[in-house]
Structure formats: structure tokens, C-alpha cells
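Subject: Structure handover

Hello,

Here is the structure you asked about, with the sequence alongside. My notes on it follow below.

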Amino acid sequence: MSYRYKIPILLLIALAAFWTVSVSLPGLTLISGLVISGAAVLAYFFFPWKVPVNTAPRREYKKPEPPKSVEEAHKQFEELTSNQCQPQLGALNFMVTENSRALDHYFPIVKMLSEPEIESFYQLVQHIAEHPNFDIQLIGSNREDLTSRLPIAACYLVAGHLAETFFFRQNMLQRFLSMPRHFQLYTTFEAFHQDGGVKGGCYNPNRECIQLVLARLFEGFNGATPGVCPFLHELGHMLDHFDAGSGSMGRTEGLYPGLSPRDGEVFNPKARDLFIKGKRLELDRYLARHNGDFSQPIPIGSPYVFQNNGEFVAGYFEAFFRNPNYIASQNQDLFDAYVELFGCDPRKAWKEDFPNYVKKNREFYLKGEKPPKAGLTIPED
Ligand SMILES: [Zn+2]
């Protein structure tokens with residue numbers, strides 16, 4: 001049970017006890033009130049307010065025997081996920097051959113790397129996949145631990161998204177992997193919901209883990225270029241919770257590692273200044289729309305990402321890796337903040353952006369509908 005629920009329950013029990021004594025023994029009302037208040041004060045001071053850090057070590061993940069054919073690999077997925085997950089041929093080929101280049105389609109970054117760099121990229125993916133603090137699990141119905149059956153393609157996709165995020169900033173990756181990092185994948189949507197997963201995927205701050213259905217790892221990769229990437233969105237949330245200064249997972253502040261002065265050696269003041277400027281411009285444009293002023297350019301993100309700082313960093317993080325040309329054309333400061341922070345300009349890998357998000361968001365704003373209230377704050381300069 002979450003600590004957030006334990007406190008109101010404690011208060012309810014105290015009140016119920018007080019009421020019971022008052023009704024049954026009216027003469028003792030004052031004494032019982034004092035005793036119960038004393039107990040509540042003691043509980044207040046001794047109650048552990050901070051959720052303990054989840055330092056559970058990595059579950060043993062030994063990669064399963066490689067399937068003998070693509071058909072066999074496909075069958076493994078079918079059986080494991082009750083047919084919910086249909087991975088692309090690239091992933092199935094990788095399971096059979098273990099040739100990393102079969103995964104190129106999942107990582108647009110390879111389009112902007114030289115051959116030797118691509119080799120180091122896949123070495124980094126393997127390094128992450130085998131890192132003792134990279135804790136990846138597969139969970140089935142009724143919370144059954146199926147990690148030993150996790151297809152290696154899924155493990156490498158998760159490790160690969162981390163590698164593409166940090167390839168040019170490996171000092172940040174080192175900080176990130178200085179403590180156990182948890183990724184919980186689910187065989188089916190039912191299994192995901194049974195284990196407390198919310199929406200289409202989530203970052204769970206109590207467990208310090210990303211929870212995602214296996215099928216969603218492969219969701220945006222059926223077209224000629226990669227599309228939606230729910231994992232990158234959830235990684236944006238996870239990075240927001242990551243405190244690069246201490247290496248632990250903490251409260252969300254709406255900042256990526258490197259943007260807070262408390263981030264120690266990975267703090268990047270230039271990226272912070274650009275991020276603040278860029279975020280302010282996005283918020284101003286959103287507020288203009290909200291207040292009925294249609295003379296300003298429209299914001300990049302959908303109203304969903306303006307509801308709070310967490311959704312803003314998650315939404316724009318994914319967009320940076322899918323719509324870099326659009327972001328750069330609309331908000332140069334914000335785009336430069338990401339380039340400065342992650343050390344790469346993804347426009348080199350994207351002649352044309354993935355159009356879906358851009359189109360949907362533009363359509364919404366250009367309809368002239370009033371977007372809901374924004375819940376964003378701007379960090380102080
Ligand atoms: Zn989100």
C-alpha cells in the first residue's frame with residue numbers, strides 16, 4: 001500500500017477510537033482524547049514519510065536459447081503474449097541471428113553514425129543489456145515472473161533506447177546506471193492492469209520503474225520510418241524523476257538530468273538557460289490560445305503535455321527524437337536545449353519528421369478551439 005493512503009487511514013482509526021470511547025464511556029472523553037492525540041503526534045514523528053529507495057538488485061536475466069527460425073521466434077511471441085504482440089521481421093531476425101544490425105530500423109540514430117560509430121553504438125546497447133543495474137523483467141498474468149522467457153529482442157530494444165538517448169553523453173548514462181534501474185514489461189494488457197499499470201504505460205514512482213506492455217515496444221515500427229514510441233515517452237518521465245546529483249530517483253521537477261544546478265558534474269548551464277527560454281515560449285503561445293489570442297504562432301505540443309511539468313518533459317522528449325525538424329523550425333531555443341543536453345542533432349537522421357504528432361497537434365490548434373488551463377511552471381533563471 002502506498003504511504004499516501006496509510007496516513008489518512010491512521011487518522012480515521014484514531015477518530016474512530018475517540019468516537020467509540022466518547023460514546024461508550026462519556027466520563028473518559030477528555031482522557032481518551034489526550035491519549036489518542038499523543039499517539040497521533042508520536043505516529044506523525046515516527047512514521048517513515050519518505051518512500052524507501054528501491055535498490056532491489058537486478059533479477060537474473062539469462063537470455064533464452066535462440067530460436068532456430070523466424071517462424072519459431074514469431075511463435076514464441078504469439079504464445080507468450082496471447083497473440084497481442086506482433087514484432088517486426090527485424091526483431092525476429094535478431095533473435096535468430098543475434099546480428100545487431102537487424103535492429104537498425106528501431107534506432108534512427110544509426111542513420112547519422114559512421115560504420116565504426118554504429119559498431120560502438122551496438123557495443124553500448126550490449127553493455128547496457130548486460131549491466132548489473134539494468135533490471136528488466138517480464139511479468140505475466142497474476143504477476144507471474146516470466147523474465148527467463150523474455151525475448152532478447154525486447155531486452156535489446158529497451159537497452160537500445162537508453163543507448164540512443166545517451167550515446168553522445170555517456171557520462172550521464174554512467175550516472176543513470178550507478179543504481180538499479182527497473183523496467184517491467186508485461187505479456188498482455190490484462191497482466192499490465194493486474195499489476196497496477198495505468199493508462200497505456202507509465203512510470204511508477206513507488207517502484208521506480210517503467211511499466212509497459214511488450215506489444216507497445218514494437219508499436220511504432222511498422223512503417224518505413226519509426227513512428228510513435230511509448231517507451232521514449234515513459235523514459236522522459238523516468239529521467240524527470242532521476243536526480244543526477246545523487247544518482248537516486250526522486251520527486252519530479254520537470255527537468256531532465258543535466259538541467260538542475262544540483263546535478264553536479266553533468267549540470268549543463270547552457271542547456272538549462274535554453275530550456276527555460278524555450279519552455280517559456282511554448283507556455284506563452286499556449287496561454288495566448290487559452291486566452292483567445294490567435295495572433296501568435298501555435299505551440300508544438302498537444303494540450304495533454306501542458307497539463308503539468310511531467311507530461312511536458314515526457315512529451316517533448318519523445319518529440320525531439322521523432323519531430324526534430326518541426327521543433328527546430330518552431331522553437332529554436334528549445335531545440336538547441338535538447339541538442340546541447342544530449343549532444344546530438346537528430347535532424348541528420350530525419351530528412352522528414354514522423355508526421356503524425358505534428359499533424360494532429362496543428363489540426364487541434366488551427367481549429368480555433370480553446371485549450372484547457374495549463375499546469376506548467378517555469379524554473380527560475
Ligand atoms: Zn506521460
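A residue is called buried here if 20 or more other C-beta atoms lie within 10 Å of its own. By that rule, Cys209, Gln211 and Val213 of strand β4 are buried and point one way, while Ile210 and Leu212 are buried and point the other way. Please keep in mind throughout that this is a predicted model.

Overall picture

The protein chain has 381 residues, and 36% of them are buried. Its secondary structure comes to 15 helices and four strands. Along the principal axes, the C-alpha trace spans about 85 × 60 × 45 Å. Of the contacts in the chain with a separation of 6 or more, 68% are between residues 24 or more positions apart.

The sheet

The four strands form an open sheet with mixed pairing, in the order β1-β2-β4-β3. The edges are taken by β1 and β3, each with a single partner strand, so one side of each has no neighbour in the sheet. On average, neighbouring strands are turned by 25° against each other, direction ignored.

Going through the pairs in sheet order:

- β1 (residues 134-139) and β2 run parallel, with six bridges between them. Aspartate 135 has histidine 182 in β2 as its bridge partner.
- β2 (residues 181-186) and β4 are also parallel and are joined by five bridges. One of the pairings puts tyrosine 186 with valine 213 in β4.
- β3 (residues 202-204) and β4 run antiparallel and share three bridges. Tyrosine 203 stands opposite isoleucine 210 in β4, and cysteine 202 has glutamine 211 in β4 as its bridge partner.

β3 and β4 form a hairpin, with four residues between the two strands. In that turn, glutamate 208 has a positive phi of about 55°.

How much of the sheet is covered? For β4 (residues 209-213), five of the five residues are buried. In general, the side chains of a regular strand alternate between the two faces of the sheet. β4 has buried residues pointing both ways: Gln211 is one of those on one side, and Leu212 is one of those on the other. As for β1, five of its six residues are buried, so this strand is largely enclosed by the rest of the structure.

Helices α6 and α10

Helix α10 (residues 230-241) is one to look at when you open the model. Which other helix does α10 come within 11 Å of? The axis of α6 (residues 152-166) comes within that distance of the α10 axis, and the two cross at roughly 60°. The two helices are therefore oblique to each other. The crossing is right-handed.

The residues that meet are Val158, His161 and Thr165 on the α6 side and Phe231, Leu232 and Leu235 on the α10 side. By class, this contact has four nonpolar and two polar residues, and no charged ones.

The bridge between cysteine 202 and glutamine 211 belongs to the pairing of β3 with β4. α10 packs on the sheet and touches both β3 and β4. The direction of α10 makes about 165° with that of β4.

Regards

Note on methods
Residues are numbered from 1 along each chain as its sequence is written. This is a predicted model: local features need pLDDT of at least 70, side-chain atom pairs count only at pLDDT 80 or more; totals for chains, interfaces and linings use all residues. Axes are lines fitted to C-alpha atoms, for helices over the stretch in contact, and angles run from 0 to 180 degrees between N-to-C directions. Angles under 35 degrees count as roughly parallel, over 145 as roughly antiparallel, 65 to 115 as roughly perpendicular and the rest as oblique. A crossing is left-handed if the near helix is turned anticlockwise from the far one by less than a right angle, and right-handed if clockwise. Two residues are in contact if their C-beta atoms, placed from the backbone, lie within 7 Å. Ala, Val, Leu, Ile, Met, Phe, Trp, Tyr, Cys and Pro count as nonpolar, Asp, Glu, Lys and Arg as charged, and the others, Gly among them, as polar. A residue is buried if 20 or more other C-beta atoms lie within 10 Å of its own, exposed if 12 or fewer, and partly exposed in between; C-beta atoms are placed from the backbone. Two strands pair if DSSP finds at least two bridges between them.
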